Amino acid sequence: MGNNNNNKRRKFYGNNAGAAGNNGAAGNGGSGGASNGGKTAQQNAQNGQRQQNKPQNAAGGGNGAGKNKPKNRGMNPANNANKNRNANGNNGGKNRADDGRKDTYVYELDGNVYINLTNKCSNGCEFCVRNERASYYGNYLWIRHGDPTAEKVIAELEKKDVSAYKELVFCGFGEPTYKMGEMTAIAEYAHSRGLKTRLNTNGQGNLINKRDIVPELKGKIDLVNVSLNAPDAESYQKICHSQYRLDAFPALVEFAKSCVKNGVACRFSVVDCIGAEAVESCRRLAESEGVPLYVRKYIADS
Ligand code: SF4
């Protein structure tokens with residue numbers, strides 16, 4: 001997805017090493033997911049336990065509730081199984097005292113309406129925007145009070161003039177395919193109001209859900225945008241740190257191919273700042289797999 005951290009971009013793209021940060025959480029381009037981040041206060045989305053002002057690692061499900069130590073990452077399979085991947089050594093959750101702030105499930109950006117369904121992610125991308133910031137273009141996207149239901153999101157959308165938007169995009173501080181039921185219900189609603197839908201994903205939805213989710217996307221999602229990030233599995237894992245390790249990259253490629261084959265419009269995306277050589281490698285891969293490639297311009301951080 002969208003816009004990542006500048007420092008990390010310099011680090012990971014600066015020498016065009018072939019690995020390639022693409023989409024951070026929450027933006028225009030691609031996937032969803034999570035790295036550590038470390039929220040100041042985080043609702044445990046699964047057991048309802050709440051802890052305040054205790055920096056911990058995020059990634060959705062919220063491990064170690066009640067403990068004030070950033071450990072147990074990966075104990076919950078829904079979370080990124082990797083260690084703290086904040087390349088700058090920062091804890092992105094520092095100083096996020098924001099008691100009283102409402103969670104943001106629906107936000108507007110660039111003429112689109114975005115849906116932030118979860119903070120869970122199977123990746124721990126080095127470049128993920130959420131590593132270092134709690135908000136994105138002024139939208140606070142860490143979810144402290146539990147992942148939203150479809151009804152909650154739809155109620156927010158009901159208040160809006162959706163004809164003003166180009167698309168409804170599933171993309172936030174997490175990987176949307178963790179919330180298939182919610183996503184497809186919201187997509188149906190969006191269609192009922194004449195709004196096109198896009199899914200920005202890390203492409204690991206079949207691994208995450210342990211089933212083929214492509215049939216569930218058909219007719220609900222008008223465009224699936226899969227963050228490619230790198231032209232091969234090793235490069236991908238080096239920067240994206242998937243909990244599925246080297247299985248992640250071939251799985252995301254297969255997922256994209258399956259979308260195309262089954263009539264779900266799909267494209268890979270990379271950001272141009274990965275360097276011309278890496279873009280070309282990604283282009284060759286995309287062409288060989290029969291999946292369109294979208295090379296988008298890097299957008300500076302908010
Ligand atoms: S896949 Fe997950 S960790 Fe990577 S950029 Fe997207 S949200 Fe962040």
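In this predicted model, strand β7, helix α3 (residues 180-192) and strand β8 form a β-α-β unit of right-handed sense. The two strands of that unit, β7 and β8 (residues 196-201), pair in parallel through 4 bridges, and within this pairing valine 169 stands opposite arginine 198 of β8. Strand β7 (residues 167-170) is also joined to strand β4 (residues 112-115), again in the parallel sense, by 3 bridges; here valine 113 has leucine 168 of β7 as its bridge partner.

The next matter is how α8 is placed against its surroundings. Ala278, Val279, Ser281, Cys282 and Ala286 of this helix are buried, and, seen down the axis of α8, the buried residues fall within an arc of 160°, so they line one face of the helix. Such a pattern can be read against the geometry of an α-helix, which has 3.6 residues a turn, so that residues three or four places apart point the same way. The buried residues of α8 pack against β10 (266-271) and β11 (293-296), whereas the face turned away from the buried side carries the exposed residues Ala276, Glu277, Glu280, Arg284, Glu287 and Ser288. After α8 comes glycine 290, whose phi is positive, near 75°.

Conventions
Residues numbered from 1 in each chain as written. Predicted model: local features only at pLDDT ≥ 70, side-chain atom pairs only at ≥ 80, totals over all residues. Pairing = 2+ DSSP bridges. Right-handed = clockwise from strand over helix to strand, strands pointing away. Buried ≥ 20, exposed ≤ 12 C-beta atoms within 10 Å, placed from the backbone. Arc of directions from axis to C-beta. Contact = placed C-beta atoms within 7 Å.
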